[in-house]
Amino acid sequence: MFAIGDFARHGRVSVRMLRHYDAIGLLRPAHVDEATGYRSYEAAQLADLNRIVALKDLGFTLEQVRTMLADEISLVEVRAMLALRRAELEAEVAESAARLTQVESRLHSIELGNEVPAVVLKDLPATRYVALEGVAEDFRPEQIGPVIRPLCAELGQRLPGATGVVPSGRLTCFYETSGDQVRLQAAVPAAVPYDGELNGLSVVDTPAVRAATLVHRGPIDEVLPAWQALARWIDDNGHRSSGPARELYLDCPEDPAQWVTELQEPLTAPQGEPSPPGR
């Protein structure tokens, strides 16, 4: 037998909660001293307490918990409900972590203010890619990520089965507004035979173009400040964007904090300035 305080300690609940459970008939003490009114509990009742707390944490009311216990819900059923709730909580935690990352990115962009980024103008050559394409509802990270990540993974899986296709460069992702949506492409530069089996991949030819580029170091989920800094530079220097924006993944080690990504924003050639050769 345990005094109510000791039972509360072992069950990791409050004494007030145990008294309330007793009052509503949810968990009665094993013994109540008639003279003092002191409640005592048996160790075996910890299992009942665990079920009550688990069901309560699943979102059931105490009245619903009492009904379920009266119906003698099995341990297997409780475990299944807990597993489902655990999956829901893990999803909520992941969603909250992603939201926090984006909040931090926005704050970082604000902190940068008008800081001048290390932008480099480059003439990108005409290039042939093999690619997979998808569509996101908009540019919010929670819309982009679930589309582009599987595309990149599937591209890697399909490449070995593409007969005669020889990759000749690094993974590049293209982003282009298409109405209210975003057209996405995961692509790699490659030599493509005319009679080869592409294993579901499409061929994309990009023209030579001049682009404003900026290197982002760190997780791709935190790329927003770099993209906005690049946008400010383009506007401040009288340029205009043209064609889909690109992310060229230069180095992608296991630790996302060590990733190196080149952001590429194709530009419209100013009046009087020739386009890059080959366009």
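## Basis of the description

Contact, as the word is used here, means heavy atoms within 4.5 Å. The model is predicted, so that local features need pLDDT of at least 70 and side-chain atom pairs count only at pLDDT 80 or more, while totals for chains, interfaces and linings use all residues. Residues are numbered from 1 along each chain as its sequence is written, and side-chain values use heavy atoms, with hydrogens and water left out.

## Overall composition

The protein has seven helices and 12 strands, which are DSSP runs numbered from the N terminus (helices H or I, at least four residues; strands E, at least two). Of its 279 residues, 34% count as buried, that is, under 20% relative accessible area, with exposed meaning over 50% and partly exposed in between (1.4 Å probe, protein chains only). Among contacts with a separation of 6 or more, 67% come from residues 24 or more positions apart.

## Helices H3 and H4

Arg 51, Ile 52, Leu 55 and Lys 56 of H3 meet Leu 62, Val 65, Met 68 and Leu 69 of H4. By class, this contact has six nonpolar, no polar and two charged residues (Ala, Val, Leu, Ile, Met, Phe, Trp, Tyr, Cys and Pro count as nonpolar, Asp, Glu, Lys and Arg as charged, and the others, Gly among them, as polar).

H3 (residues 45-57) and H4 (residues 62-70) pack at an angle of about 130 degrees, with their axes 10 Å apart; axes are lines fitted to C-alpha atoms, for helices over the stretch in contact, and angles run from 0 to 180 degrees between N-to-C directions. The two helices are therefore oblique to each other, since angles under 35 degrees count as roughly parallel, over 145 as roughly antiparallel, 65 to 115 as roughly perpendicular and the rest as oblique.

## Arg 128 in strand S5

Arg 128 is placed in strand S5 (residues 127-136) and, at 31% relative accessibility, counts as partly exposed. Its side chain is joined to that of Asp 205 by a polar contact of 2.8 Å, a term for a pair of N or O atoms within 3.5 Å, where within protein one must be able to donate a hydrogen and the other to accept it, and residues adjacent in sequence count only if both atoms are side-chain atoms.

Not counting residues up to four places away in sequence, Arg 128 touches several residues, including Val 188, Pro 189 and Val 192. Arg 128 and Val 192 are 64 residues apart in sequence and 8.1 Å apart in space, C-alpha to C-alpha.

## Glu 262 in strand S12

Glu 262 lies in strand S12 (residues 260-266) and is buried, with a relative accessible area of 6%. A polar contact of 2.6 Å joins the side chains of Glu 262 and Lys 122.
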